[in-house]
Amino acid sequence: MKFDIMTLFPEMFETFKHSSIIGRAADKKGIIEINTVNIRDFSKSKQKKVDDAPYGGGMGMIMTFQPIYDTYLHITKSLDYKPKVIYMSPQGRVLTQKLAGELSECEHIIILCGHYEGVDERLIEEIVDEEISIGDYVLTGGELPAMVLIDSVARLLPGVLSKDECYLEESHSNGLLEYPQYTRPEMVNGRRVPEVLLSGHHENIRRWREEQSIKRTLKKRPDLLGRKDKF
């Protein structure tokens, strides 16, 4: 799967691209490819300007059409298909596990990282297929959300994680939060691992984990119950 990122700050992705599971999936396994393209390189102004004041007045600056559009043309010039183009935006559809699963079916995704007060609306109309948000808050740019999106999607691809079970039993995979997890030693500061997990009885362990997932969801995220269609 290929990710192309249109950004003003490609250096922000260097550690991300080569670290941990994402790094192994890209550098060693070749399952994903992550490329960054600097929007500023395609500005036609001598100062490499990429923003301007909004028509109608208002605070802040708006990223202009030309540099971003020419970046997009550069990425797609040799393609005989249209990749899915995502604009990371606080106005977009909120990223969920279900949406990450949908995006994992794509072969090629282009991500636009905005800055300032956003991008010229005509650019969204021209090339963007979907706006996606990672939450109901505003960040200084789209780079961090882009990394979150890539991580959430890439880990669902076959071969990225060691086993499918690694993500099938996680929080939000079935609309519930994940059950509590424990490891050695059995006793820490007077707190013991639940006996059922030491029993070796797989069916009892499965039932206990299911019960704990429901209890944990009721306690921490009751809003999730009854919304399994969104995950």
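Modeller: This is a predicted model, and its largest nonpolar core has 30 residues, with Phe3, Ile32, Leu103, Ile111 and Leu149 having the most contacts inside it.

Biologist: What makes a set of residues a nonpolar core?

Modeller: The residues must be buried members of a nonpolar list that includes Phe, Ile and Leu, and they must be joined through side-chain atoms within 4.5 Å. Two or more residues of this core come from each of strand E1 (2-7), helix H2 (20-28), strand E5 (84-94), helix H4 (97-103), strand E6 (108-113) and helix H6 (143-154), and the largest share, 6 residues, belongs to H6. Apart from this core lies another, of 18 residues, among them Ile75, Leu112, Ile124 and Val128.

Biologist: Which residues is Ile111 in contact with, leaving aside its neighbours within four places in sequence?

Modeller: On that count, Ile111 is in contact with Phe3, Asp4, Ile5, Met6, Ile86, Met88, Ala146, Leu149 and Ile150.

Biologist: Why does Cys113 count as buried?

Modeller: Buried means under 20% relative accessible area; the relative accessibility of Cys113 is 0%, and therefore Cys113 counts as buried. Cys113 has its place in strand E6, and, leaving aside neighbours within four places in sequence, its contacts include Ile5, Met6, Phe13, Ile39 and Ala146.

Biologist: And why does Glu107 count as exposed?

Modeller: Here the cut-off is over 50%, and because Glu107 has 65% relative accessibility, it counts as exposed. Glu107 is found in the loop between H4 and E6, where, not counting residues up to four places away in sequence, it touches Met1 and Lys2. Although Glu107 and Met1 are 106 residues apart in sequence, their C-alpha atoms are 5.0 Å apart in space.

Biologist: What makes E2 and E7 the edge strands of the sheet?

Modeller: The open sheet is formed by 5 strands in the order E2-E1-E6-E5-E7, with parallel pairing; strand E2 (33-38) and strand E7 (130-133) each pair on one side only, and they are the edge strands.

Methods. Residues are numbered from 1 along each chain as its sequence is written. This is a predicted model: local features need pLDDT of at least 70, side-chain atom pairs count only at pLDDT 80 or more; totals for chains, interfaces and linings use all residues. Side-chain values use heavy atoms; hydrogens and water are left out. Buried means under 20% relative accessible area, exposed over 50%, partly exposed in between (1.4 Å probe, protein chains only). Helices (H or I, at least four residues) and strands (E, at least two) are DSSP runs, numbered from the N terminus. Contact means heavy atoms within 4.5 Å. Two strands pair if DSSP finds at least two bridges between them.
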